[in-house]
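Let's take a walk through this model, looking at a couple of its loops and then at its helices. Have the sequence and the structure open side by side.

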Amino acid sequence: MTTQRRHLVKEFNHFITCYVCKGYLIKPTTVTECLHTFCKSCIVQHFEDSNECPKCGIQVHETNPLEMLRLDNTLEEIIFKLVPGLREKEQQQEIEFWKRNKSKENGEEDGPLCKKAKVSEENSDVGDGDYHRGDPQIAICLDCLRSNGQMGENIVKGLMKKFIRCSTRVTVGTIKKFLSLKLKLPSSYELDVLCNGEIMGKDHTMEFIYMTRWRLRGENAYPMVLEYRPRIDFG
């Protein structure tokens, strides 16, 4: 009979800690341009002075990088399951924060807020739970589009699992990054994403594509199919 191996939380620290504050991710928020995740308060504060990702340096948005942030409720629930007592501690700190703010409105003074919980080395098992995100979801099929003699088709392959479910707010740019990661493409390699044979812009959301392109096929056209291929240089 095989024994079940127990894992220490520190084994997952690389995935559940914030690059900015080095603590556990609180209200994990992902930059859709590069898919790096930070605490919501950390990345919002960072974008007050910069429009670049603090981890990789990519320009997130020319004028308003906050538009490219998405909360990751799924990751938040996983972290709370992994780290014992973290949820309760954060809830208590939030209560204390609002009490202090209310006291200041009444002219009272109070001490500084408690620091956020730092990384511990306690171990915990991952329990069961509902990790579905609260925002609207959409099912998508990602098909590899091939044409005879097209350059790069030896690099771009079909996905082993081509059906995904994601937020309707996800952009084509994020889908391209997802494909690049799954297909292990070079960072300089460009893809086109198409719907009904039309190339979609990187800022188009899945909701926009569904409403303006896909639903014209009728209610039975489900899931929405997006095709990808190596970018063709017409120059």
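**Loops and helices**

N196 sits in the loop that links β6 (191-195) to β7 (198-199); helices (H or I, at least four residues) and strands (E, at least two) are DSSP runs, numbered from the N terminus. Keep in mind that this is a predicted model, where local features need pLDDT of at least 70, side-chain atom pairs count only at pLDDT 80 or more, and totals for chains, interfaces and linings use all residues. Residues are numbered from 1 along each chain as its sequence is written, and side-chain values use heavy atoms, with hydrogens and water left out.

N196 isn't a glycine, yet its phi is positive, near 55°. N196 is partly exposed, at 41% relative accessible area (buried is under 20%, exposed over 50%, partly exposed in between, with a 1.4 Å probe and protein chains only). K27 is another non-glycine with a positive phi, about 50°; look for K27 in the loop between α1 (13-16) and β1 (28-31).

Now go to α3 (residues 73-82), where L75, E76, I79, F80 and L82 are buried. They span an arc of only 160° around the axis, so they lie on the same side of α3 (the arc is taken from the directions from the helix axis to the C-beta atoms).

Finally, α5 (residues 172-183) buries V172, G173, T174, I175, K176, L179 and L183.
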